[in-house]
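Here are some friendly notes to read alongside the model. Keep the 3D view open and find each residue as it comes up.

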Amino acid sequence: MLTLKALHIIFVTSWFAGLFYLPRLFVNHAMVEDAATRERLALMELKLYRFMTPLGILAVGLGLWLWLGYGFAGGWLHAKTTLVLGLVGYHLYCGKLMRDFAAGRNTRSHVWYRVFNEVPVLVLFVVVFLVVMKPF
């Protein structure tokens, strides 16, 4: 079980790296004017999304496997699960935003993306405190 836990932490950390960086690329993408830079950013976004998606799947899959070993008990775990489902939705929404950028359909400003970029940071803080402290 400790190996599963370690792998879960590794894949969660890796997935979060993508969740932190992809919206930052969106900030830059929303600010640029020239076509060559937009195309380069769209390609970077696509490659990152394709890389981080399997990491997210492995993180969630290993989390589910840990449930089988430890069970699903405690309010903190229900709260964490809700936040993880929110992150999965955030990840999928990032995919939609990425496709919008690639098709030239972005309607949001770089300021909106700067705020959007902070969501996974806030979720990470809460999840780590829930897992470590198990407050309820």
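1. **A word to start with.** Two residues are in contact, or touch, when heavy atoms of each lie within 4.5 Å.

2. **What you are looking at.** This is a predicted model, in which local features need pLDDT of at least 70 and side-chain atom pairs count only at pLDDT 80 or more, while totals for chains, interfaces and linings use all residues. Residues are numbered from 1 along each chain as its sequence is written, and side-chain values use heavy atoms, with hydrogens and water left out.

3. **The overall plan.** The protein has five helices and zero strands, giving the pattern α-α-α-α-α along the sequence. Helices (H or I, at least four residues) and strands (E, at least two) are DSSP runs, numbered from the N terminus. The C-alpha trace spans about 50 × 25 × 15 Å along its principal axes. Among contacts with a separation of 6 or more, 76% join residues 24 or more positions apart.

4. **Inside and outside.** A residue is called buried under 20% relative accessible area, exposed over 50%, and partly exposed in between (1.4 Å probe, protein chains only). Of the 136 residues, 34% count as buried. The protein exposes about 8,100 Å², and carbon and sulfur atoms supply 72% of that area. Accessible areas come from the Shrake-Rupley method with a 1.4 Å probe, and for residues only the protein chains shown count as cover.

5. **The nonpolar core.** A nonpolar core is a set of buried Ala, Val, Leu, Ile, Met, Phe, Trp, Tyr and Cys residues joined through side-chain atoms within 4.5 Å. The largest one here has 27 residues, and those with the most contacts inside it are Leu 19, Leu 22, Phe 26, Cys 94 and Tyr 113. Two or more core residues come from each of α1 (2-31), α2 (35-70), α3 (75-102), α4 (110-116) and α5 (119-133). The largest share, nine residues, comes from α1. Which residues does Cys 94 touch, not counting those up to four places away in sequence? They are Leu 22, Pro 23, Phe 26, Tyr 49 and Phe 116.

6. Leu 55 is found in helix α2 and is buried, with a relative accessible area of 11%. Beyond residues up to four places away in sequence, Leu 55 touches Phe 11, Ser 14 and Trp 15. The C-alpha atoms of Leu 55 and His 8 are 9.8 Å apart, although 47 residues separate the two in sequence. Ala 42 also lies in helix α2 and counts as buried at 19% relative accessibility. Leaving aside neighbours within four places in sequence, Ala 42 is in contact with His 29 and Ala 102. For Ala 42 and Pro 120, 78 residues apart along the chain, the C-alpha separation is 21 Å.

7. Is Asp 100 buried or exposed? Asp 100 is buried, because its relative accessible area is 12%. Asp 100 sits in helix α3 and, apart from neighbours within four places in sequence, is in contact with Arg 105 and Asn 106. Asn 117, from the opening point, is found in the loop between α4 and α5 and is buried, with a relative accessible area of 12%.

8. **The end of the chain.** Met 133 lies in helix α5 and is exposed, with a relative accessible area of 55%. Lys 134 is in the segment after α5 and counts as partly exposed at 44% relative accessibility. Phi of Lys 134 is near 45°, a positive value in a residue other than glycine.

9. UniProt, in an unreviewed entry, places the feature "transmembrane region" at residues 6-27, 48-70, 76-94 and 115-133. UniProt positions are given in the numbering used here, feature names are shortened, and annotations may be inferred rather than shown by experiment. In the model, residues 48-70 are 100% helix and 0% strand, with end C-alpha atoms 33 Å apart. Residues 76-94 are 100% helix and 0% strand, with end C-alpha atoms 27 Å apart.
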